[in-house]
Amino acid sequence: MKKLFVLIAFLFAFNFANAQQMALGVGANVFMPMGTFGDVVGTGFGGNAKFEYKLQPGLHLTGAVGYLTFSEKEEGFGWQYSVIPVLAGAKYYFSKTMPFYGMAEVGMNFASITVKIPSYVIGGVTYGGGEVSESGSEFGFNFGAGYELPLGKAALDIYAKYQTFEADANGINIGVAYKFGL
């Protein structure tokens with residue numbers, strides 16, 4: 001772990017000399033769950049940050065971290081599901097004059113669920129109550145397309161992508177981000 005940290009620090013230090021080759025985007029997104037995942041969770045909301053490195057004209061390497069939270073679709077026990085995707089991938093810009101791009105990313109998703117357990121009083125004795133939490137990590141991926149609206153030296157990045165968190169947790173992620181640099 002220490003070697004990985006040193007390597008990342010070295011890469012950042014080396015690349016700050018080439019700042020015109022890097023960009024950072026910060027944004028918000030809405031996740032529309034599909035399939036069996038969509039049967040139990042409502043729409044997800046969250047935010048993310050994405051680092052981009054211009055490898056060559058039209059091809060950028062990406063690193064992203066985000067946070068999405070979902071609530072139950074129908075009233076029940078009162079649970080909440082959240083996920084932190086940590087992804088690496090690439091963006092390919094189809095043209096310099098029209099900033100449309102395609103993207104693909106892979107990585108780990110750190111998920112947690114918290115269930116609120118109701119309490120019941122029977123014969124003056126209280127049963128249940130409290131919360132139970134569980135967390136884990138799963139491999140996931142996404143692919144999609146986007147458009148960057150130029151705003152001087154910045155851009156407004158608008159995108160849509162198909163994203164998976166685990167085998168049965170997937171959906172369409174639509175977002176917008178403010179991108180600094182490049």
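**Salt bridges in the predicted model**

Colleague: In this predicted model, which side chain does Lys161 meet in a salt bridge, and at what N to O distance?

Modeller: The side chain of Lys161 pairs with that of Glu105. Lys161 belongs to strand S9 (residues 154-166) and Glu105 to strand S5, so the contact ties together parts 56 residues apart in sequence. Lys161 and Glu105 are both buried. The partner is Glu105, with N to O at 3.7 Å.

Colleague: Which lysine in strand S2 pairs with Glu105?

Modeller: Strand S2 covers residues 44-56, and Glu105 sits in strand S5 (residues 100-116), so this pair links parts 55 residues apart in sequence. The salt bridge has an N to O distance of 3.2 Å. The lysine is Lys50.

Colleague: Is Lys50 buried or exposed?

Modeller: The cut-off for buried is under 20% relative accessible area. Lys50 has 14%, so Lys50 is buried. Its partner Glu105 is also counted as buried, at 2%. For Lys50, then, the answer is buried, at 14%.

Colleague: How many residues apart in sequence are the parts tied together by Glu148 and Lys91?

Modeller: The side chains of Glu148 and Lys91 form a salt bridge with N to O at 3.0 Å. Glu148 is in strand S8 (residues 131-151), while Lys91 is in strand S4 (residues 79-93). Both Glu148 and Lys91 are buried. The parts they tie together are 57 residues apart.

Colleague: How many salt bridges does a search of the whole structure find?

Modeller: The pairs discussed include Lys50 with Glu105 and Glu148 with Lys91. Over the whole structure, the search finds seven.

How values were computed: Residues are numbered from 1 along each chain as its sequence is written. This is a predicted model: local features need pLDDT of at least 70, side-chain atom pairs count only at pLDDT 80 or more; totals for chains, interfaces and linings use all residues. Side-chain values use heavy atoms; hydrogens and water are left out. A salt bridge is a side-chain nitrogen of Lys or Arg within 4 Å of a carboxyl oxygen of Asp or Glu. Helices (H or I, at least four residues) and strands (E, at least two) are DSSP runs, numbered from the N terminus. Buried means under 20% relative accessible area, exposed over 50%, partly exposed in between (1.4 Å probe, protein chains only).
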